[in-house]
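Let's take a walk through a protein model together. Have a look at the fold first, and then we'll go through it piece by piece.

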Amino acid sequence: TQRVINDIGDELEQLKIALEPSSLSAPEETLAPLITTLLAFAGLIHESMTRGNGWHFMEMGRRLERALQIINTQRSLLVTAFEDTEQEILIESSLLCSEALIPYRRRYQNGIHLAQALEMLMLNRKNPRSLIYQLNELEQHFCELPDNSEMLSSEHKLLLEATTALKLSDISSLAATQNGIRHELDQLLSRMQYLMTQVGKAIGQRYFDHTEGPQLLVKNTEWQEPL
């Protein structure tokens with residue numbers, strides 16, 4: 001793990017050298033080794049890290065970040081309606097950004113269509129890059145947090161609201177266009193963005209806000225007193 005972390009540091013230094021002050025992006029040959037080392041680090045975390053509280057908090061951060069990334073991508077690419085050719089390019093780009101283009105083509109063999117893409121990106125439980133998948137994973141991590149076994153916490157209630165709104169959404173209504181805008185899709189994604197942001201704030205206030213009282217981080221409190 002330390003070797004991988006050292007490699008990430010080395011690649012970041014090379015990135016600083018390759019990134020010119022006036023440039024908006026780095027060369028692909030500089031980014032590729034950095035991406036490889038980051039993937040190696042993620043693999044080590046997934047395979048070797050103890051599933052304690054730290055791991056759950058880290059995974060919740062990843063799921064929240066990925067959920068917000070999915071929401072922002074869909075709002076940027078799919079809310080505004082375009083002509084068929086431009087729309088197909090945007091849908092394909094959205095699938096490509098979410099690493100879902102190949103699974104989409106494997107599942108749907110009738111071309112690129114918005115409703116099917118929305119189903120793949122938002123409601124497909126088997127797609128690890130879908131929005132519903134991130135919410136389900138957050139639900140599992142919430143159940144492992146301290147003091148979350150009996151009453152729903154504020155972050156859990158926000159997550160429940162977001163999951164319910166997503167599950168109750170209708171794909172055909174989300175894909176419908178009015179005056180060049182998909183209003184229902186925009187409203188749903190806007191609401192999801194707000195709820196996910198509030199979930200992150202609620203977690204921070206509950207577990208990392210030092211102005212409040214201490215939080216129990218160990219479930220087993222049956223300590224045996226020394227003789």
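Let's start at a loop: N179 sits between α9 (171–175) and α10 (183–207). Those helix names come from DSSP runs (H or I for helices, at least four residues; E for strands, at least two), numbered from the N terminus. N179 has a phi near 55 degrees, which is a positive value in a residue other than glycine. N179 is also exposed, with a relative accessible area of 77%. Here, buried means under 20% relative accessible area, exposed means over 50%, and partly exposed is in between (1.4 Å probe, protein chains only).

Before going on, a word about the ground rules. This is a predicted model, in which local features need pLDDT of at least 70 and side-chain atom pairs count only at pLDDT 80 or more, while totals for chains, interfaces and linings use all residues. Residues are numbered from 1 along each chain as its sequence is written, and side-chain values use heavy atoms, leaving out hydrogens and water.

E99 has a positive phi of about 55 degrees although it is not a glycine. You'll find E99 in the loop between α4 and α5 (101–107), and with a relative accessible area of 54% it is exposed.

Now zoom out. What does the secondary structure of the protein chain come to? It comes to ten helices and zero strands. Of the chain's 227 residues, 36% count as buried. Take the contacts (heavy atoms within 4.5 Å) between residues at least 6 apart in sequence: 61% of them join residues at least 24 apart.

How do some of these helices pack? Begin with α1 (residues 2–18) and α2 (residues 28–48), which pack at an angle of about 155 degrees with their axes 9 Å apart. The axes are lines fitted to C-alpha atoms, for helices over the stretch in contact, and the angles run from 0 to 180 degrees between N-to-C directions. So α1 and α2 are roughly antiparallel to each other; angles under 35 degrees count as roughly parallel, over 145 as roughly antiparallel, 65 to 115 as roughly perpendicular and the rest as oblique. By class, the contact of α1 with α2 has 13 nonpolar, three polar and two charged residues. In this scheme Ala, Val, Leu, Ile, Met, Phe, Trp, Tyr, Cys and Pro are nonpolar, Asp, Glu, Lys and Arg are charged, and the others, Gly among them, are polar.

Next comes α4 (residues 84–97) with α6 (residues 114–123), packed at an angle of about 15 degrees with axes 10 Å apart. That makes α4 roughly parallel to α6. Where they meet, I91, S94 and L95 in α4 touch L114, A117, M120 and L121 in α6. Those contact residues divide into six nonpolar, one polar and no charged.

F82 lies in the loop between α3 (53–77) and α4. Is F82 buried, partly exposed or exposed? At 46% relative accessibility, F82 counts as partly exposed. F82 touches Q87 and L90, not counting residues up to four places away in sequence. The C-alpha atoms of F82 and I181 are separated by 9.2 Å, although the two residues are 99 apart along the chain.

Finally, the cysteines. A disulfide is a covalent bond between the sulfur atoms of two cysteines. With a disulfide taken as a pair of cysteine sulfur atoms within 2.5 Å, the count comes to zero. C97 is exposed, at 54% relative accessible area, and C143 is partly exposed, at 39%.
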